[in-house]
Amino acid sequence: MTKDRIKEGIIAVLPIVIGYFPIAMAFGLLSKNTDVTFRNTSLLSVMVYAGASQFMALDLIRAGVSAGSIILATFLLNLRHMMMSASLAVEFQDMNKKFLPIVAFGITDETFSVISFNKDKIDLPFVLTINILAYSSWALGTIAGYLVGEILPASLQSSLSIGLYAMFAALLFPEIKKSKNILFLSIISAVVYVILFYSKIFTSGWDIILGIIISSSIGVVIFRKNEEE
């Protein structure tokens with residue numbers, strides 16, 4: 001059973017591993033060009049492990065923003081991961097409590113999506129396999145980008161970040177084929193976020209959090225109504 005769950009976890013996380021590595025390389029390369037040391041770059045990926053926040057941190061470092069403000073901005077931008085962990089907590093009731101902090105640390109937008117799409121397979125081996133492999137890909141990609149990123153051709157360096165969109169497509173399209181509700185909810189989420197982003201009413205981070213809350217609420221109302229009918 002455990003071996004089967006690990007195998008299923010490896011298959012499920014493969015798009016994330018493939019997608020994370022080039023994006024992490026782009027981060028490592030960009031961090032080096034921002035004059036952040038190899039040690040601090042590695043620690044950002046190993047300890048913070050939050051892609052968008054790490055790229056944002058580089059922008060703030062270049063702008064001369066204080067460390068306290070960077071930490072606060074990172075907290076706000078990643079606040080959504082608390083909601084994701086809370087929503088999955090119901091599925092983790094039978095899991096040994098001492099592993100919950102490890103599981104929570106490994107929750108990202110992508111791992112949350114994969115775990116949510118496979119709720120019937122959720123157990124400790126499955127979840128840890130996904131989290132550990134995704135985390136390893138991000139950490140190793142960062143180190144590789146910092147050490148050898150400049151060796152790559154300029155055209156390849158500039159295209160590394162495209163892997164992010166390819167990864168999301170690889171995760172989303174198979175689920176859309178299974179359920180029209182997922183397609184509908186994806187469109188709703190995109191529309192809500194675009195409206196919030198271009199309205200400039202909320203700062204970066206809060207627009208993502210509100211986008212999740214609003215689109216999730218709309219989805220709950222619509223899908224519950226369909227089930228009742």
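Buried means under 20% relative accessible area, exposed means over 50%, and partly exposed lies in between, using a 1.4 Å probe and protein chains only. By that scale V148, at 37% relative accessibility, counts as partly exposed. V148 lies in helix α8, which covers residues 124-148. Keep that helix in mind, since α8 returns several times below.

A word on the basis of all this: the model is predicted, so local features need pLDDT of at least 70 and side-chain atom pairs count only at pLDDT 80 or more, while totals for chains, interfaces and linings use all residues. Residues are numbered from 1 along each chain as its sequence is written, and side-chain values use heavy atoms, with hydrogens and water left out.

**Overall layout**

The protein chain has 12 helices and 0 strands. Helices (H or I, at least four residues) and strands (E, at least two) are DSSP runs, numbered from the N terminus. Of the 229 residues in the protein chain, 38% are buried. Contact here means heavy atoms within 4.5 Å. Among contacts with a separation of 6 or more, 77% are between residues 24 or more positions apart. The protein chain exposes about 13000 Å², and carbon and sulfur atoms supply 69% of that area. Accessible areas come from the Shrake-Rupley method with a 1.4 Å probe, and for residues only the protein chains shown count as cover.

**Nonpolar residues, outside and inside**

V148 belongs to a nonpolar surface patch with F38, L147 and I151, and together the four have about 390 Å² of accessible area. Patches are built from residues with over 30% relative accessible area and no salt bridge, joining like charges within 9 Å and nonpolar side chains (Val, Leu, Ile, Met, Phe, Trp, Tyr) within 5 Å.

For the interior, a nonpolar core is a set of buried Ala, Val, Leu, Ile, Met, Phe, Trp, Tyr and Cys residues joined through side-chain atoms within 4.5 Å. In soluble globular proteins, nonpolar side chains tend to be buried together. The largest nonpolar core here has 24 residues, and F92, V103, I115, V127 and I130 touch the most other members. Two or more residues of this core come from each of α1 (2-33), α5 (80-89), α7 (109-117) and α8. The most, 7 residues, come from α8. Leaving out residues up to four places away in sequence, F92 touches K97, L100, V103, I122 and V127. A second, separate core has 5 residues, including M56, A57, I70 and L77.

**Aromatic pairs**

Rings of Phe, Tyr and Trp (its six-membered ring) pair if their centres lie within 6.5 Å; planes under 30 degrees apart are stacked, over 60 edge-to-face, and the rest tilted.

| Pair | Centre to centre | Angle between planes | Class |
|---|---|---|---|
| Y20 and W138 | 5.5 Å | 75° | edge-to-face |
| F27 and F55 | 5.5 Å | 80° | edge-to-face |

Y20 is buried at 5% relative accessible area, and W138 is buried at 4%. F27 lies in helix α1 and F55 in helix α3 (residues 51-62), so their pair ties together parts that are 28 residues apart in sequence. F27 is buried at 0% relative accessibility, whereas F55 is partly exposed at 24%.

Which residues does F55 contact, leaving aside its neighbours within four places in sequence? They are I23, A26, F27, L30 and W138. Elsewhere, ring pairs link Y49, F105 and Y135 into a cluster.

**Salt bridges**

A salt bridge is a side-chain nitrogen of Lys or Arg within 4 Å of a carboxyl oxygen of Asp or Glu. The structure holds 2 of them. In one, E8 pairs with R5, and the closest N and O atoms are 2.7 Å apart. E8 and R5 are separated by about one helical turn because they are 3 residues apart in helix α1. E8 is partly exposed at 26% relative accessible area, while R5 counts as buried at 12%. D123 also forms a salt bridge with R5, with the closest N and O atoms 3.1 Å apart. This pair links distant parts of the chain, 118 residues apart: D123 is in the loop between α7 and α8, and R5 is in helix α1. Through shared partners, salt bridges join R5, E8 and D123 into one network.
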